[in-house]
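Reader: I have a model open and want to go through its packing. Can we take it piece by piece?

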Amino acid sequence: MKETVEMDVEYLRSWIGRKEVVSDFVSIDLVRKFNATLDLGERLPVVGDTAPHLIQYCLAQPAIQAHLLGNDGHPQKGGFLPPVPLPRRMWAGSNLVFHGHILVGDLVRRVSHIADVVIKEGRTGVLCFVTVEHKVDVAGKLLIEETQNIVYREAAMPQDPSKVAESEPAPTGQHQRDVVVSPTLLFRYSALTFNGHRIHYDRPYATEIEQYPGLVLHGPLQATLLLNYAAELKGGVPTKFMFRGQSPLFDDDKVSLHATEDNGRMKLWTAREDGPIGMSAEADWP
C-alpha cells in the first residue's frame, strides 16, 4: 500500500519564473560520437557542417558532483527544477519550433525558465507536471524554441499483467522501419547526454527498484530517431516537431518507427512488436 505524499503546492509553484542560462560548444568530437551512436555515417564532421538533429540535448547538461546525486542517479531535488517530493521523474514530451540550424563549432546558448507547476491526480496516483521553456541561440540568433513537459510520479508498484494485456496494439504506418535497441545504445546515449538516470543502464535497479521489465529507452532518443525518420521521408527537416511519451519501451523489445502523412502533416510513432504506441510525434513543414 502506498503512503500519501504531502506536497506544498504553493512552495513548488514559487519556482515559476526561475531562470537558467548555460552555454556549450558543438565540438567535432561530440558530433562524431553522436553520429556513431545513431549510425548516422562514418564521415568525419568538420567545422561549419550542419549538426545532427536534436544534438542540443547533449549540450550543457548539469554536471552535478557525485555526492549530490540521488539513489536513482538524478541530481537531488532542488536547484533550477522544483524539489517535487515524488521519486520518479520522466520527460513527458516537448513542442519544438526550428528557426535555423546549429552548426559544428557553434557556441550554443540555452536560456530556460520554469513556466508552470501543476499537481494532478492520475490513474497511477499523484502526478506533478513541470513545464520548462527553452530558447536556443547562437550569437544572439534564435534557432530553437522548446516547451518541455516533465512529469513526476509516485513510486512504482509491481506491474499488473492483466492491464498490460489490455493495451491497444499500435497501428502500422504507411512507412515503417525496424530499429535495433540494445543496452550499448542506451549506455552510449546516456553518456552523450551525461544522463545518470539508472533506469537506462543499470538492469537490477530498473527491474528490481523501479519495477520495469528491462532497461528503459530514453524519450529524447526516441524523439531523435523519429525526427531523423521524418526528415529522411520528407527530404528536409520540419519547422515544427512535437513528441509525447505514451508508454515505455525497453532494451529487449523489437522496436519499429512508423510514419503516416495526413493533410500535409506527418504523424509518427514508435512501438514494440504487438505493443502500444511508445512515443507519438507530429512534424510540420512550411
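**Helix packing and a surface patch**

Author: The model is predicted. The buried residues of helix 2 pack against helix 4 (183-192) and helix 6 (219-234).

Reader: Within what arc do the buried residues of helix 2 fall, seen down its axis?

Author: Helix 2 covers residues 28-37, and its buried residues are Leu30, Val31, Phe34, Asn35 and Thr37. They line one face of the helix, because seen down the axis they fall within an arc of 160 degrees.

Reader: Which helices do the buried residues of helix 4 pack against?

Author: Start with the buried set: Leu185, Leu186, Tyr189, Ser190 and Leu192. Their arc around the axis is only 160 degrees, so they sit on the same side of helix 4. Residues three or four places apart point the same way, because an α-helix has 3.6 residues a turn. The buried residues of helix 4 pack against helix 2 and helix 6.

Reader: Which residue just after helix 4 takes a positive phi?

Author: Helix 2 is followed by Asp39, with a positive phi near 55 degrees. Just after helix 4, a positive phi of about 50 degrees belongs to Phe194.

Reader: Is Leu44 buried or exposed?

Author: Leu44 lies in the loop between helix 2 and strand 2 (88-98). The cut-off for exposed is over 50% relative accessible area. Leu44 has 52% relative accessibility, so it counts as exposed.

Reader: What is the area of the nonpolar surface patch that includes Leu44?

Author: Leu44 makes this patch together with Ile28 and Val47. The area of the patch is about 280 Å².

Terms used
Residues are numbered from 1 along each chain as its sequence is written. This is a predicted model: local features need pLDDT of at least 70, side-chain atom pairs count only at pLDDT 80 or more; totals for chains, interfaces and linings use all residues. Side-chain values use heavy atoms; hydrogens and water are left out. Buried means under 20% relative accessible area, exposed over 50%, partly exposed in between (1.4 Å probe, protein chains only). Helices (H or I, at least four residues) and strands (E, at least two) are DSSP runs, numbered from the N terminus. The arc is that of the directions from the helix axis to the C-beta atoms. Contact means heavy atoms within 4.5 Å. Patches are made of residues with over 30% relative accessible area and no salt bridge: like charges are joined within 9 Å, nonpolar side chains (Val, Leu, Ile, Met, Phe, Trp, Tyr) within 5 Å. Accessible areas come from the Shrake-Rupley method with a 1.4 Å probe; for residues, only the protein chains shown count as cover. A salt bridge is a side-chain nitrogen of Lys or Arg within 4 Å of a carboxyl oxygen of Asp or Glu.
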